[in-house]
Every structure is written in C-alpha cells, then in structure tokens.
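Colleague: I am new to reading models, and I would like to learn where the words come from. Could we look at one together?

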Amino acid sequence: MKNLIKLTFFAGLLMITHQGCDSILSGTEPSTAISQEVALNSPEAVRGLRARMYGRLHAAPDMSTTWLLGPSALADNTDIGSGTRFESLNNNERRAGLGTGAWNNLYDLINDANTLIEGIPDGVITEANRTKFMGEAYFMRALALHHLVRIFGYEPGMAPTQGEAANFDLGVIIRTQPTLTLSDVGEEPRSTVTQVYDQILDDIDSALTALNQESDSGPFYVTPAAAYALLARVQLYQRNYAEADAAAQDAIDNSGARLATTAEVAGLFDETQTNPEAIFTVDVDPTTESGGVNNSLAVYTSMYWFGQIPTDDLINLYEAGDARLDAWYAPCFNDVNDSPENICSNVNADNLELHKYAAEQGSYADDYVHFRFSEMLLIQAEARLDTDGIPQAINRLNDLRAERNASTLLAINYTTEEEVLDEILDERRRELSAEGHRFFDLKRLGRDLRKVDFDQGTGTTTVSFLPYESYVYLDDIPDSEVQLNPNLVQNPFFD
C-alpha cells in the first residue's frame, strides 16, 4: 500500500513528553530525511522511531479525537450541537465510519512497530532496551490490529445471518514485516477475523514476555499492565469471559492504579492532576502536539464549537447526586466569548455540554486515556455475569458505583441475565462516554444500533434502531487501497 512505503523517515519529529519523568527521546537529537536502513544504525534514531510509534496515536484526529469521541457520535451518547462536526457520524451516513481516514495511519503505526521488532541491527542498542522496545511494539501492533478489525469486520462468530453481509468473516490485512522499500510491498489479501484475533493474542503474549523482563513505569509508557488491559478488552470482544476476567485482574494487580474516589472524579481527566485510574495514556505536550482549534477533543465537546453534545438520553441515565453528572457535564459555555450559550438545549433539556475534556493544560490539548481502572471493573462485571452469575456481576458494578455516589444495586431485583447485561451496558455509558466504546459495545454483542432524537419543544426523546444487518456496522476500506491491491476485498455494502 502506498502509504506503507517508507523509504525515509523523520526520526524524533513526533515526541511524546512524559509528565514528571524524562521524555521518550530524552537526550536524543532529531534526525532528518535519512534512509531508514542507515538511520536505524544509531541509538538516537531507534529511540526516534520509538517516539514516532507512540506519536502515531495522536498525530492525526482519526487516531485521537475520532477514536475516542466517534463511537459516541455513531450511537446514542452524543449528537450534533452546532456546525457539522461529526454530523455524518451522528447521521450514520454511508462511508462515514471511524476507519476510512484511519486505515493508513493505523498501518503506518503497524509498520513502525514491525520495524522495531524486525529491523534493528544487532548491537545498536542494549539488549535491555531492545527487549523493552520490542515489547512496546508488539503491544502497539496488537492495539492497531484490534482497532482495525473491530472497525472493518464483525467480531468472531457475530456476522449477521441474513442480508448483504450474511456470514461475512473477513478481517483486515495482517502485516508483520517492515515495509522499507518498494520490493517489500506485497498485495496481501485480508485475513479472516479469527486469524486476526489469533495474531492479536500472539502479539499480546509476545508483548508480555518482553515487558515482564524490561519496561518503563507509569501510564505514559506501555507496561505489562497496559498489555493485560488490552488482553482483557480483546478477550471480552471474543466473549472469552473467564480469560477476560483474569486479564482484567492482572491489569489491576500490575498497574498500581486504583479506583478514583468520589471526591477525585471531578479531576479524573484534568491533566494538571494525577489520574489514579490511568493504565495507559497518550501524554500530549500542549506546546507541540495539541489537536488545535479544529481537531481536539475539548473543542469538539467543551470549548466553544459545541460539535458534540451529550444526549438527553445519556444525561437521564444518571441518578441525582451521581458524582459523574456534576463532574463531567456542565452548563453550555462559550470559552472564547466567556459567555453562556443555549445551544446544548437542542440536544438535552438541561443545556449541558460534555466536560470530560476541558484542555486544562492549555492549547486545546487533552491527554488520551486508552485504558483505565474503571474499564477493568466493568469488563469483570460483564465477564462474571457469564461465569459466576447475577450476584457477582452486580457486586462488581457496586464496587464502581460506591465511588460514584450512586445507589447500591440489589441482585434480587434482577430476574434474567439479559436485564443485568443491560444494566452493565448502561453503566458503561455512564462511566466510559466519549472514551471509544459505545458503538463497539453494541456491535460486539450483535445488537441493533440505538439512536435517540430529542425534541426541544416537547422535551421528549424518541428512540429508534438501525438494524444490525444493515451497512451501519461496517466501514468501507479506502477505495485507493482497493484499487492498488487487487487482492484486497472491499466490505459488503460498498463494492
């Protein structure tokens, strides 16, 4: 694929700073326009490639704002406020998914990972650093592959049984070798979803083998805890519930993270404070890596463009007194004009904006939290519903709710596992809104896509559903990639 042909690279131009610690490229002079084969013969350039691999996770909006906020817009958590930001996602327009723009970025990330795994000559860096960098690279490849396969394919065994996509089982292309020259470019076909998931699990296993020997600490680097967290999510998507539960517990035990208290919820996404729940976070330097006025999470949600507003349906899921309601939602306010606005009342009755991302560190910049403690608890609740039954699932939900000042749920009030699963999915909406989950939660369970429409005049919400068998759950592969690769099959609904 043309964007995977990397004859040269700019080592070190994308740098992730580490709050309270040295940056990934501490002491490294940036390199410019050096052939990759030559550049990797120096320790500085290897560290530069490592930094660029991390930097891919926020170098383009498709890898940051769209990754985290897009799934809320596609489903029922946010809706268009003003302008057109994500309007096509809100309307679930054909060819308006999460992955078409991200395809090349994700494969560029995979190519950086492949180069760190396979392309570093012997003796250039210490064996300890080589082990650590390879562990990080295996994690990044697994993370990118999982994001790709959940966008462009169905989960294992979850293809529709009818319609144009009936029994469709293709995933994405698996690339495990670096693409350095034209001769490296192949016309590989898509692997099946099962094959992609097998590769993801192999990569996570390799990541853990390496990272358990050598890794940096803290949530701004890939650690064993981050690899276990990814494993927990991947196993949940495959409905391997016992394995998901165990991996989530390993993530908790290895992370040093803890559940934020009720008093800490308000500052959980404030980069000027420590996030006690963080397991893996992409740290953004506001002076060099801000999403800017057009592409940042804060601008889309809480600054002044009001691009995505929490739905009335989402707001009504919270009980009065729930710490999350006061912490993560605020009256609609224009930060540029320093004045209140009434725009959000078009979407919810209380005229609230989503305030998780408020750019406290300046320059429209927010860190991107990919894994945190609360998600692990919610994975365990869902997993234990299958393996241990209703009481254990409810107990895990209550562990979270106790620190959110939400009422205690009683197992006796639920008669079926389906009712508890609905409660878990609602809790995931309350806790993980705009963190990259809602659309995929519905998709991985084979549910119709839930949509809501708020009528400001009557103050009522109408719920409708887009069928699972329709195009809404598959994104289209970029046409340019299909044209370049005759073995690359386009998704149903788009060929």
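This is a predicted model: local features need pLDDT of at least 70, side-chain atom pairs count only at pLDDT 80 or more; totals for chains, interfaces and linings use all residues.

Colleague: Where is the place of Glu271?

Modeller: Glu271 sits in the loop between α9 (241-255) and β4 (278-282). Helices (H or I, at least four residues) and strands (E, at least two) are DSSP runs, numbered from the N terminus.

Colleague: Why does Glu271 count as buried?

Modeller: Buried means under 20% relative accessible area, exposed over 50%, and partly exposed in between (1.4 Å probe, protein chains only). Glu271 has 11% relative accessibility, so the residue counts as buried.

Colleague: Which side chain makes a polar contact with the side chain of Thr78?

Modeller: That of Gln308, at 2.7 Å. Thr78 belongs to strand β3 (residues 78-80), and its relative accessible area is 3%, so Thr78 is buried. Leaving aside neighbours within four places in sequence, Thr78 is in contact (heavy atoms within 4.5 Å) with residues including Leu69, Asn90 and Pro310.

Colleague: Why is the pair Arg130 and Asp122 called a salt bridge?

Modeller: The term asks for a side-chain nitrogen of Lys or Arg within 4 Å of a carboxyl oxygen of Asp or Glu. For Arg130 and Asp122 the N to O value is 3.3 Å, so the pair meets the definition. Arg130 is buried at 13%, whereas Asp122 is exposed at 70%.

Colleague: How many salt bridges does the structure hold?

Modeller: It holds 38. Among them, Arg324 and Asp322 meet at 2.9 Å, N to O, and both are buried. Another joins Arg175 to Glu188, with the closest N and O atoms 3.2 Å apart. Arg175 is buried at 7%, and Glu188 is partly exposed at 29%.

Colleague: What makes a set of residues a nonpolar core?

Modeller: Such a core is a set of buried Ala, Val, Leu, Ile, Met, Phe, Trp, Tyr and Cys residues joined through side-chain atoms within 4.5 Å. The largest one here has 138 residues, and Phe139, Phe280 and Met376 have the most contacts inside it. Helix α6 (residues 127-152) gives the largest share of this core, 13 residues. Beyond four places in sequence, Phe139 is in contact with residues including Ala207, Leu230 and Phe280.

Colleague: How do you know that β11 and β12 pair?

Modeller: Two strands pair if DSSP finds at least two bridges between them. Strands β11 (residues 449-455) and β12 (residues 460-466) have 7 bridges in the antiparallel sense, so they pair. Val452 has Val463 in β12 as its bridge partner. Their hairpin has 4 residues between the strands, and Gly459 takes a positive phi near 70° there.

Terms used:
Residues are numbered from 1 along each chain as its sequence is written. Side-chain values use heavy atoms; hydrogens and water are left out. A polar contact is a pair of N or O atoms within 3.5 Å; within protein, one must be able to donate a hydrogen and the other to accept it, and residues adjacent in sequence count only if both atoms are side-chain atoms.
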